[in-house]
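Morning, everyone. Please have the sequence and the model open while I talk. I'll go through the sheet, then the core, then the charged pairs.

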Amino acid sequence: MALPGGWIEHRREDGEPIGWIVPDGGRFRPVDILGRPVGGPVDWFEAEEALEERGLAFLAERHVLRLPDGSERPVRISQASPEGIVVVADEYGAASAVGAGAQTFRLTFPAPAELLLHGR
């Protein structure tokens, strides 16, 4: 997917992209690396602060993917970009085991509502 027009990439000091700042009327909406709003509409500096506070660490946390049949799978995010999001099944920490052959799921960008931060 191509990013919607007007999305302005925001990077950390080290150059790593952490999201986008999207014009919203006379204000700005911060959007994280999964394409989800972090808050807003706020002024430009508040949008930058929201993205920097959110950072990328949440990507390493466990998430839950709600499947079409209503069941849920614990997953970890493997890749995140405007081209799509890839999550890996993570029962019992198996996603981190070398050669585990864990099941992967390709999701759309922005991340669908079915991808939830574990415990939320």
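First, a definition for what comes next: two strands pair if DSSP finds at least two bridges between them. And a reminder: this is a predicted model.

Now find strand 2 and strand 3. They form a hairpin, with 2 residues between them. Look at Gly-25 in that turn. Gly-25 has a positive phi of about 70°. The pairing of strand 2 and strand 3 is antiparallel and runs over 6 bridges. Two places to look. Val-22 sits opposite Arg-29 in strand 3. Ile-21 has Pro-30 of strand 3 as its bridge partner.

Next, the other hairpin, made by strand 1 and strand 2. Here there are 5 residues between the strands. Gly-15 takes a positive phi in this hairpin, near 95°. Strand 1 and strand 2 are also antiparallel, over 4 bridges. Ile-8 stands opposite Ile-21 in strand 2. Arg-11 stands opposite Pro-17 in strand 2.

On to the core. The largest nonpolar core has 26 residues. Which of them touch the most other members? They are Leu-34, Val-87 and Phe-105. Several elements each supply at least two residues: strand 2, helix 1, strand 5, strand 6 and strand 7. Strand 2 gives the most, with 4 residues.

Val-87 is then in contact with residues including Leu-65, Val-75, Ile-77, Phe-105, Leu-107 and Leu-115. The contacts of Val-87 also include Arg-76, Ser-78, Gln-103 and Thr-104. Keep Arg-76 in mind.

Last topic: charges. Side chains of opposite charge can pair when their charged atoms come close. How many salt bridges are there? The count is 8. I'll pick out some.

Start with Asp-24 and Arg-29. Their side chains meet in a salt bridge, 2.7 Å from N to O. Asp-24 is partly exposed, at 28% relative accessible area. Arg-29 is partly exposed too, at 27%. Recall that Arg-29 is the residue opposite Val-22.

Next, Arg-27 and Glu-46. They form a salt bridge, and the closest N and O atoms are 3.6 Å apart. This pair links distant parts of the chain: Arg-27 is in strand 3 and Glu-46 is in helix 1, 19 residues apart. Arg-27 is partly exposed, with a relative accessible area of 39%. Glu-46 is partly exposed as well, at 36%.

Now Asp-90. Is Asp-90 buried or exposed? Asp-90 is buried, because its relative accessibility is 0% and buried means under 20%. Asp-90 sits in the loop between strand 6 and strand 7. Its side chain meets that of Arg-62 in a salt bridge, 3.4 Å from N to O. Arg-62 lies in the loop between helix 1 and strand 4, so the pair ties together parts 28 residues apart in sequence. Arg-62 is partly exposed, at 28%. Salt bridges with shared partners join Arg-62, Arg-76 and Asp-90 into one network. The side chain of Asp-90 also makes a polar contact with the side chain of Arg-76, at 2.8 Å.

How values were computed
Residues are numbered from 1 along each chain as its sequence is written. This is a predicted model: local features need pLDDT of at least 70, side-chain atom pairs count only at pLDDT 80 or more; totals for chains, interfaces and linings use all residues. Side-chain values use heavy atoms; hydrogens and water are left out. Buried means under 20% relative accessible area, exposed over 50%, partly exposed in between (1.4 Å probe, protein chains only). A polar contact is a pair of N or O atoms within 3.5 Å; within protein, one must be able to donate a hydrogen and the other to accept it, and residues adjacent in sequence count only if both atoms are side-chain atoms. A salt bridge is a side-chain nitrogen of Lys or Arg within 4 Å of a carboxyl oxygen of Asp or Glu. A nonpolar core is a set of buried Ala, Val, Leu, Ile, Met, Phe, Trp, Tyr and Cys residues joined through side-chain atoms within 4.5 Å. Contact means heavy atoms within 4.5 Å. Lists of a residue's contacts leave out its neighbours within four places in sequence.
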